[in-house]
Amino acid sequence: MLKYKFDTQLLIEGHGLDEDAIDEYITNHFDGDCLLAVGDEDLIKIHFHTNEPWKILEYCSTLGEIYDVVVENMERQEKGLKG
């Protein structure tokens, strides 16, 4: 059994985005692991394992337009099922 069930990935498009500030906010406010927040001031890619992906989506949507959202159930994938 995995500690964090959902692999959550998305892009944030906006202006003045700060990958370090986003990384720090997610780390300090959400339970999860394997965080990746990379990009530039106009586009950030987020990758995060969590049990509450909707909270990450909600937060990221306050920063800009989110798209290419993928939430995969890693427990199902581990069993050979579609995530």
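Colleague: By its relative accessibility, does C34 count as buried, partly exposed or exposed?
Modeller: Buried means under 20% relative accessible area, exposed means over 50%, and partly exposed lies in between (1.4 Å probe, protein chains only). C34 has 45% relative accessibility, so it counts as partly exposed.

Colleague: What kind of model is this?
Modeller: Residues are numbered from 1 along each chain as its sequence is written, and side-chain values use heavy atoms, with hydrogens and water left out. Local features need pLDDT of at least 70, side-chain atom pairs count only at pLDDT 80 or more, and totals for chains, interfaces and linings use all residues; the model is predicted.

Colleague: What is the phi of C34?
Modeller: C34 is found in strand β2; strands (E, at least two residues) and helices (H or I, at least four) are DSSP runs numbered from the N terminus. C34 is not a glycine, yet its phi is positive, near 60 degrees.

Colleague: In which strand is D68 found?
Modeller: D68 also has a positive phi, about 50 degrees, although it is not a glycine. Its relative accessible area is 52%, so it is exposed. The strand that holds D68 is β4.

Colleague: What is the order of the strands in the open sheet?
Modeller: Two strands pair if DSSP finds at least two bridges between them. β1 is joined to β3 by 8 bridges and to β4 by 7 bridges, and both pairs run antiparallel. The open sheet has 4 strands with antiparallel pairing, in the order β2-β3-β1-β4.

Colleague: Which are the edge strands of that sheet?
Modeller: Neighbouring strands of the sheet are turned by 10 degrees against each other on average, direction ignored. An edge strand pairs on one side only, and here the edge strands are β2 (32-39) and β4.

Colleague: How many of the 8 residues of β1 are buried?
Modeller: β1 is among the elements that cover the buried residues of α2. β1 is itself largely enclosed by the rest of the structure, because the number of buried residues in it is 6.

Colleague: Which residues of helix α2 are buried?
Modeller: The helix covers residues 53-61, and on its other side W54 and E58 are exposed. An α-helix has 3.6 residues a turn, so residues three or four places apart point the same way. The buried residues of α2 are P53, I56, Y59 and C60.

Colleague: Within what arc do those buried residues fall, seen down the axis of α2?
Modeller: The arc is that of the directions from the helix axis to the C-beta atoms. The buried residues line one face of the helix, because their arc is 125 degrees.

Colleague: At about what angle to β1 does α2 run?
Modeller: Axes are lines fitted to C-alpha atoms, for helices over the stretch in contact (heavy atoms within 4.5 Å). Angles run from 0 to 180 degrees between N-to-C directions. α2 lies across β1, β3 and β4, and its angle to β1 is about 5 degrees.

Colleague: How many salt bridges does a search of the whole structure find?
Modeller: A salt bridge is a side-chain nitrogen of Lys or Arg within 4 Å of a carboxyl oxygen of Asp or Glu. E52 forms one with K55, at 3.3 Å between the closest N and O atoms. E75 and K5 meet in another at 4.0 Å, N to O. The number found in the whole structure is 2.

Colleague: How many residues apart in sequence are the parts tied together by E75 and K5?
Modeller: E75 counts as buried at 15% relative accessibility, while K5 is partly exposed at 27%. E75 lies in helix α3 (residues 74-78) and K5 in the segment before β1, so the separation of the parts they tie together is 70 residues.
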